Amino acid sequence: MKKPFLIKFAKNCVSPKRVDIKLDYEYEYDDSVDMVRSISDPAKSLAIDIAANTGPMTKKADIEKGEDNKDRMMWA
Amino acid sequence: MLLILSNKWDVSVDFVVKECRRRKLPYLRLNTEDLLNEHASISVDEELKVILTIKGCEYDLNSTITSIWCRRPGKVYEFSIDNEKPTEAVQKFVHEQWIIWLEALSLLNNVYWMNEPSASARMENKAIQLDHARKAGFSIPRTIITNSADKVREYFSGEQRKIVAKALYSPLIEEPDQDYFIFTTSIELEDLVDSEVAVCPSIFQECLYPKRDFRVTVIENKVLAVEVKLDTPEASDVDWRKLESAVSYEKVALPSGMVDLCANYVKAAGLSFGAIDLVECKGTYYFLEINPSGEWGWLQKQIGLPVAESLCNVFEENIRSKV
């Protein structure tokens with residue numbers, strides 16, 4: 001069976017199985033403030049306050065700078 | 001009060017939450033993966049009642065919500081571990097029930113939506129986007145959307161052999177163990193394989209080169225433009241998103257006519273938010289596409305693009321106007 005033409009241009013995203021991301025995630029959602037915190041940071045800083053290069057990245061960070069509206073887990 | 005529809009790991013929302021808290025703007029963040037543990041009811045017997053219980057607090061949405069930011073609601077089982085998930089078919093069933101419940105929030109009286117879901121869904125269609133853009137006055141690249149390789153060859157006959165190919169809809173392929181992303185790619189007409197092109201329609205466009213890329217985030221009348229800078233020009237490609245290290249971003253001012261065009265386009269499309277991709281080629285700005293739910297957190301974080309502040313300005317204005 002023929003694959004769609006564009007498939008040959010597909011690249012792997014960084015993301016492993018979504019469940020693995022959750023289990024290994026170094027961030028946690030803080031219900032008390034409705035924001036994500038870094039677990040590894042001694043001060044448990046908000047993820048958005050961590051420097052760009054060390055904070056959460058998009059899931060396709062190794063091959064892409066950008067976004068996709070269908071990607072529901074951008075920063076994992 | 002602002003109701004935010006998203007998921008816990010949508011960290012871009014955190015910028016807005018933080019700004020809401022700084023301004024003391026009342027908000028309610030509803031993460032879709034929590035819906036399994038919350039209570040949500042709608043009754044329409046005598047008067048509309050929409051009740052949502054979050055973290056033990058009950059909210060009458062019809063009397064408390066002034067704005068809804070439909071940011072990125074996900075699937076309720078999306079982050080559940082495998083042994084807690086029902087079958088794929090049941091997951092789909094459950095997800096659809098919740099989506100319809102969330103869509104019914106359109107019943108709420110006098111609520112401002114960013115964006116209204118049906119408008120977003122319509123504007124996800126790239127053919128509609130391009131048609132709107134042409135009618136609005138944008139230049140657009142010559143484009144054919146087809147599953148016929150012959151039509152592509154015919155359409156671009158006599159022109160450059162190099163063209164651009166991209167997906168008509170979501171370029172993300174989610175396999176159980178690995179996701180794939182189809183970037184916009186430059187091809188030669190000779191690369192077309194008739195039987196493969198025939199499988200589904202794709203977008204084939206004129207290749208604009210040399211070009212400068214712009215990401216334009218529109219929030220109502222606020223237009224925030226960023227130029228995507230390629231540090232090594234030789235690294236230039238049709239899709240800057242695939243470049244690993246040769247990309248940086250710079251806030252820029254677009255020509256005023258282009259600012260108005262972007263703002264008017266979003267408004268005419270029935271949206272209040274949109275992320276537009278433009279390119280400038282040989283002095284002409286071209287509309288490539290709009291993403292009604294476009295991501296922006298990476299620009300806020302890296303170069304301080306004030307998207308969260310601009311969003312909160314709109315939400316705050318709506319809250320204040322309805323007090």
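1. Domain bounds, as used here, come from an automatic or database domain assignment. On that basis, chain B of this predicted model is divided into domain 1 (2–114 + 310–321), domain 2 (116–139 + 209–292) and domain 3 (142–207). Domain 1 and domain 3 of chain B have their C-alpha centres 37 Å apart.

2. Overall dimensions. The radius of gyration of chain B is 22 Å, which agrees with the value near 20 Å that a compact globule of 323 residues would have. Along the principal axes, the C-alpha atoms of chain B fill a box of roughly 65 × 50 × 40 Å. Buried residues make up 37% of the 323 in chain B.

3. Secondary structure and contacts. There are ten helices and 18 strands in chain B. Taking the contacts in chain B between residues at least 6 apart in sequence, 69% join residues at least 24 apart.

4. The three-stranded sheet. Strands β3-β4-β5 of chain B, in that order, form an open sheet with antiparallel pairing. Its edges are β3 (39–43) and β5 (57–60) of chain B, each of which pairs on one side only. From one strand to the next, the twist averages 15°. Four bridges connect β4 (residues 49–54) of chain B with β5(B) in the antiparallel sense. Within this pairing, Ile51(B) has Asp60(B) in β5(B) as its bridge partner.

5. The five-stranded sheet. A second open sheet to check has the strand order β16-β15-β14-β17-β18 in chain B, and its pairing is antiparallel. The edge positions belong to β16 (247–252) and β18 (284–291) of chain B, which each pair on one side only. With direction ignored, neighbouring strands of this sheet are turned by 25° against each other on average. Helix α10 (residues 307–321) of chain B packs on the sheet and touches β14 and β15 (222–230) of chain B. The direction of α10 makes about 25° with that of β14(B).

6. The β14/β17 pairing. Strands β14 (residues 212–219) and β17 (residues 273–281) of chain B run antiparallel and are joined by eight bridges. Phe214(B) stands opposite Leu278(B) of β17(B).

7. Helix α5. In α5 (residues 126–136) of chain B, the residues Gln129(B), Leu130(B) and Ala133(B) are buried. These residues lie on the same side of α5(B), because they cover an arc of only 95° around the axis. An α-helix has 3.6 residues a turn, so residues three or four places apart point the same way. Ala127(B) and Lys135(B), on the other side of α5(B), are exposed.

8. Surroundings of α5. The packing partners of the buried residues of α5(B) are α4 (117–123), β8 (143–146), α8 (256–268) and β18 of chain B.

9. Glu78. This residue, Glu78(B), is found in the loop that runs between β6 (67–70) and α3 (88–103) of chain B. Glu78(B) counts as partly exposed because it has 19 C-beta neighbours inside 10 Å, while a residue is buried at 20 or more. Thr32(B) is 46 residues from Glu78(B) in sequence, and the C-alpha to C-alpha separation of the two is 8.9 Å.

Technical notes. Residues numbered from 1 in each chain as written. Chains lettered and ligands numbered in written order. Predicted model: local features only at pLDDT ≥ 70, side-chain atom pairs only at ≥ 80, totals over all residues. Helix = DSSP H or I, 4+ residues; strand = E, 2+ residues; numbered from the N terminus. Rg over C-alpha atoms; globule rule 2.2 N^0.38 Å. Buried ≥ 20, exposed ≤ 12 C-beta atoms within 10 Å, placed from the backbone. Contact = placed C-beta atoms within 7 Å. Pairing = 2+ DSSP bridges. Axes fitted to C-alpha atoms, helices over the stretch in contact; angles between N-to-C directions. Arc of directions from axis to C-beta.
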